[in-house]
Amino acid sequence: MAKQSLSAATIAAQAGGYIDAASGGVVPPIQPSTTFARDRNYALHASGNIYARDDNDVGRVAEGLLARLDNAQAALLFPNGMASIAAVFRALPTGGCVLVQTQIYWGTTKWLRDFCTRRGLNLQEAELSDPAQMQQLCADYKPDLVFIETPSNPWLRSTDIAHAAGCVHAHGGRLVVDATAATPVLTRALDFGADIVMHSATKGINGHSDVLAGVLATKDPEAPHWQAIATDRHDAGAVISSFDAWLLIRSIRTLPLRVERMSQNAQAVAEYLDDHPSVETVFYPGLPSFAGHDVARRQMLGGFGSLLSFCVKGERADALRVVGKLDLFHRATSLGGVESLVEHRHTIEPHTGIPETLLRLSIGIEGGEDLIADLAQALAC
Ligand SMILES: *Cc1c(COP(=O)(O)O)cnc(C)c1O
């Protein structure tokens with residue numbers, strides 16, 4: 001059977017059909033060695049394994065698996081999501097122009113503002129989920145690189161990847177998509193025309209709140225920009241450990257199953273909140289009335305993900321009272337894990353325009369009825 005025809009569930013469950021060549025094990029071994037020996041003729045025992053900063057067998061297995069799930073030709077793992085985003089921008093020549101979506105993951109925006117200033121990159125930030133803005137700004141600035149996040153965090157805005165790719169490519173630039181909240185199960189951004197897709201694998205891909213990792217993937221590993229990223233990772237050393245790569249493979253086996261359950265739960269929670277008298281607004285791409293639903297339906301296949309936000313009616317104190325009354329949701333940051341989390345974003349980033357009544361939920365794989373019952377008792381006055 002052609003490899004491309006297998007479903008994500010099959011590829012993931014079998015870790016891409018992995019069998020350990022030396023032992024027959026169906027699980028890869030962890031090789032903790034940082035260095036690899038040569039024989040008396042100075043030949044390497046295993047060609048390609050010299051030093052663990054870039055030669056890491058289990059890391060390569062994880063990268064191969066992630067590449068297949070994103071329908072990519074190559075993937076690179078990094079020690080966390082921010083290191084992978086930094087690698088994308090560090091590989092750009094000084095003096096270029098980058099166009100970046102506003103109101104995305106705050107860590108990205110914060111780092112980029114500082115980095116672009118230091119590196120002499122012209123940073124333009126705009127609401128790129130608006131297709132007219134995307135088209136206009138690509139024409140005006142002819143950016144070398146455009147960076148979007150879909151669905152965005154915490155506003156859940158959907159950006160049309162295919163439309164964005166058309167606008168960016170018309171002026172010779174490259175499109176990079178942070179698809180963390182979608183995961184490769186729901187959105188294969190490269191199939192819609194992105195040049196590079198990025199995921200914080202700390203989130204849904206690992207999904208157990210116990211590994212930091214980031215991944216980049218591309219269909220065009222010969223592209224000079226990708227080559228520069230790979231060289232920078234090797235030389236500057238932003239690599240993942242064998243243990244973390246091994247845990248990631250273990251987690252990826254259940255990724256499609258987890259994403260399916262989380263999306264079902266999140267859809268039910270979003271619909272419940274949408275009808276609740278104490279809730280002002282719900283931000284979730286799976287709600288037909290929500291802006292961007294049509295775009296999300298085209299590019300999120302099989303569900304709308306685990307992330308949703310909502311505004312409680314009233315004031316800051318009302319939102320914090322709801323947070324305090326929740327029994328099942330852990331009050332913690334992050335998203336995409338098996339356990340549900342709630343976060344009052346304004347407390348974390350008070351100066352970025354997040355409403356004081358906004359609560360962000362990351363919906364896990366618990367019984368959906370339990371989550372809804374918990375929200376019901378917390379929202380009851
Ligand atoms: C968490 C996150 C990142 C950063 O990833 P880390 O693994 O925490 O470094 C980037 N983008 C999005 C959308 C995220 O949620």
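Helices (H or I, at least four residues) and strands (E, at least two) are DSSP runs, numbered from the N terminus. By that assignment, proline 154 falls in the loop between S4 and H6. This is a predicted model, in which local features need pLDDT of at least 70 and side-chain atom pairs count only at pLDDT 80 or more, while totals for chains, interfaces and linings use all residues. Residues are numbered from 1 along each chain as its sequence is written, and side-chain values use heavy atoms, with hydrogens and water left out.

- Five bridges link S1 to strand S7 (residues 214-218) in the antiparallel sense, and leucine 76 stands opposite leucine 216 in S7.

**Helices across the sheet**

**Valine 176**

- Valine 176 is placed in strand S5.
- Valine 176 counts as buried because its relative accessibility is 1%; buried means under 20% relative accessible area, exposed over 50%, and partly exposed in between (1.4 Å probe, protein chains only).
- Apart from neighbours within four places in sequence, valine 176 is in contact with Val88, Leu145, Val146, Phe147, Ile148 and Ile196, where contact means heavy atoms within 4.5 Å.
- Methionine 198 is 22 residues from valine 176 in sequence, with a C-alpha to C-alpha distance of 7.2 Å.

**Ligand site**

- A backbone N or O atom of glycine 81 is 2.8 Å from an oxygen atom of the ligand, and for a backbone N or O atom of methionine 82 the distance to an oxygen atom of the ligand is 2.8 Å.
- Lysine 203 has a polar side-chain atom 2.7 Å from an oxygen atom of the ligand.
- A polar contact is a pair of N or O atoms within 3.5 Å; within protein, one must be able to donate a hydrogen and the other to accept it, and residues adjacent in sequence count only if both atoms are side-chain atoms.

**Helix H2**

- The 13 residues of helix H2 (residues 57-69) should span 18 Å at 1.5 Å a residue, and the end C-alpha atoms are 19 Å apart, which agrees; the expected span is 1.5 Å times one less than the number of residues.
- Buried residues in H2 are Val58, Gly59, Ala62, Glu63, Leu65, Leu66, Ala67 and Leu69.
- At the start of H2, a side-chain oxygen of asparagine 56 comes within 3.3 Å of the backbone nitrogen of valine 58.
- Asparagine 71, which follows H2, has a positive phi near 55 degrees.

**Strand S12**

- Five of the five residues of strand S12 (residues 358-362) are buried, so S12 is largely enclosed by the rest of the structure.
- Leu358, Arg360 and Ser362 point one way from S12, and Leu359 and Leu361 point the other way.
- Strand S9 (residues 307-312) runs antiparallel to S12 and is joined to it by five bridges; cysteine 311 has leucine 358 as its bridge partner in S12.
- Strand S11 (residues 341-344) also runs antiparallel to S12, with four bridges, and glutamate 343 stands opposite arginine 360.

**Backbone features in loops**

- The peptide bond from threonine 150 to proline 151 is cis, with omega near -10 degrees, and proline 151 lies in the loop between S4 and H6.
- A cis peptide bond also runs from asparagine 153 to proline 154, with omega near 10 degrees.
- Leucine 156, in the loop between S4 and H6, has a positive phi of about 60 degrees although it is not a glycine, and at 1% relative accessibility leucine 156 counts as buried.
- Tyrosine 42, in the loop between helix H1 (8-13) and H2, has a positive phi near 65 degrees, and at 61% relative accessibility tyrosine 42 counts as exposed.

Notes: Two strands pair if DSSP finds at least two bridges between them.
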